[in-house]
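Please read it alongside the sequence and the coordinates.

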Amino acid sequence: MKSKTLKKDKVNIITLGCSKNLVDSEVLSGQLSANDIDVVHENTKLDHNIVVVNTCGFIDKAKEESINTILDQVELKRRGKLDKVYVTGCLSERYRGDLEAEMPEVDAWFGTMELPLILKKFEADYKSELVGERLLSTPQHYAYMKISEGCNRTCSFCAIPLMRGQHVSKPIEELVAEAESLVKKGVKEIMLIAQELTYYGLDIYKKRELPRLLNALADVKGLEWIRLHYAYPSKFPLEVLDVMRERDNICKYLDMPLQHASNNMLKAMRRNITREEMTELIQQIRERVPGICLRTTLIAGFPGETEEDVEELKDFLREHRFDRVGIFNYSHEENTSAYDLEDNIPAEVKAERAQEVMEVQQEISYEKNQEKIGKIFKVLIDKKEAGRYLGRTEFDSVEVDNEVVVHSSKKLTPGTFVQVKITKAYDYDLEGETV
C-alpha cells in the first residue's frame, strides 16, 4: 500500500462544453503546474490517478454527456484505476445538491467560480501573479481568450446567468498582458470569447469599450488574427466595425447569434430586437466592413413556434445570405422564464425544422463557396491529417466553420500562413493549392 501513497499525483482534466470552459481548464492547469503538480488535459494514457471533470450544463444533450463522463470516471475509481474524482463547471454549479445525493462516489463538487477551492484540495496555493497565464490545450498557434464572465441579459431560454452569474469584464491592461504572453508562446490567432462580447466594459468603465479593447489588442506585436465570437445584436456598438475595417489583424468575421427572425419568437425569447432592426444592423455591418463574414446561430422549436415562424426564418436566411449558420433544437431549461411555457413541440418536429433551415443554408453556403474558386486567400495551416494539410481563411473559426484542404509540393508547418488558390468548392469546405 505504501508505494501507492508515495506515488506522485498526476491530474487529468476533462473538459466538456464550450470554449469558455476550455479556458477555465487551461487556467486550472496553469495553477496546478505552478504548484509543481503534474497535470494533463484529456489524457488517453490513463497513467493519472486524479480526474477533474469540467462540466457543461447548457442544454439537455450537454448535461447528458457531462453525467455520462462523470459516471465513466466513477467506474474507473470503483475499479481502483483512480484515487479521486472531482467535478467542476456549469452542471456542478447548477445541480450540485441533486448530484451530490445521486453520485456520492465523487470526492468533491465545485461551482464555476471556485478555482481557489479546487486548488485547496491539492494543497496548492492560488497564485494571483499568474493571472492570464495558463497551460494551453489547443495547438500552439491559436488560443481562446475570455474577456468577461457572466451575462446580464434576460433571454427567456438561457440558463447561463444561473450558472455564470452577472457580467464582469476583465480590465484592458490585464487582457493585453495575457495576449502578449500568449504570443510569446507562439500563438498567432486569438479568439475573443464571452457570454456577451458587446457588453464589454459597461461594468468597469461605465460604457461599452469593445472598440478600445480591440485597438489595444491589435497593437500587440506578432498577433496576426483577432476573431470575435458571441456578439449580441441589440444595442450593438457600431464603432467596433470601424476598428475591424481599419486594423489588418482583426479578422473580418463576426459571430452574432440571432436565435430567430420572426418577431413573435424574438419577443417570446426576450431578445430586445425586432426582425426589422436586425435587417438594418446587418446592412450597416456589411456597409462598414465590406467582405465581412457573418456567422449566426438559431434555435428551432421554441415553445409556440409555428410553421409560419419557420418559413419566416427561412426567408430571412435567403434574404441575408449568412456565410455560416449553426442551429440548436430548443431545450426546456429549469429556472429560465421560458420554463413556464409549455414545451409543446415534439423532439422530432424540432429536429425536422432544424433540418429544413439547414438545407436552406447549405445551398447558400455552396453558392458562396463556388464564388471563391480561382481566388487566392491567406490560409492558416492547422494540421496535417491523412496525408493532407488542413487550414482556415480569416473567415473561418476553428472547429465550427469551413476548412481548406491545402495541396502543396513543399512541406508545410502547422501554425504558418500560406497563400492558397482555391481550385474546388463544396457545401462547407474548400480545396486549393499553395501559390
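Of the 435 residues in the protein, 54% are buried. The model is a predicted one. Its secondary structure consists of 13 helices and 18 strands.

**Burial, surface and contacts**
- The accessible surface of the protein is about 19,800 Å², and carbon and sulfur atoms hold 49% of that area.
- Among contacts in the protein with a separation of 6 or more, 74% are between residues 24 or more positions apart.

**Dimensions**
- The protein has a radius of gyration of 22 Å, which agrees with the value near 22 Å for a compact globule of 435 residues.
- The C-alpha trace spans about 70 × 60 × 45 Å along the principal axes of the protein.

**Charged side chains**
- There are 62 positive and 76 negative side chains in the protein.
- The centres of these two sets are 5 Å apart.

**Parallel open sheet**
- An open sheet is formed by 5 strands with parallel pairing, and the strand order is β2-β1-β3-β4-β5.
- Its edge strands, each pairing on one side only, are β2 (38–41) and β5 (108–109).
- Strand β1 (residues 10–15) pairs with β2 in the parallel sense, with 4 bridges between them.
- Within this pair, Val11 is opposite Val39 in β2.

- Strand β14 (residues 376–385) and strand β17 (residues 417–425) run antiparallel and are joined by 5 bridges.

**Val349**
- Val349 lies in helix α13, which covers residues 347–370.
- How far apart are Val349 and His229 in sequence and in space? Val349 and His229 are separated by 120 residues in sequence, and their C-alpha atoms are 29 Å apart.

Technical notes
Residues numbered from 1 in each chain as written. Predicted model: local features only at pLDDT ≥ 70, side-chain atom pairs only at ≥ 80, totals over all residues. Heavy atoms only, no water. Pairing = 2+ DSSP bridges. Helix = DSSP H or I, 4+ residues; strand = E, 2+ residues; numbered from the N terminus. Rg over C-alpha atoms; globule rule 2.2 N^0.38 Å. Buried < 20%, exposed > 50% of the residue type's maximum accessible area, 1.4 Å probe, protein only. Contact = heavy atoms within 4.5 Å. Areas by Shrake-Rupley, 256 points an atom, 1.4 Å probe, with all protein chains shown as cover. Lys, Arg positive; Asp, Glu negative; His and termini not counted. Charge placed at Lys NZ, Arg CZ, Asp CG, Glu CD.
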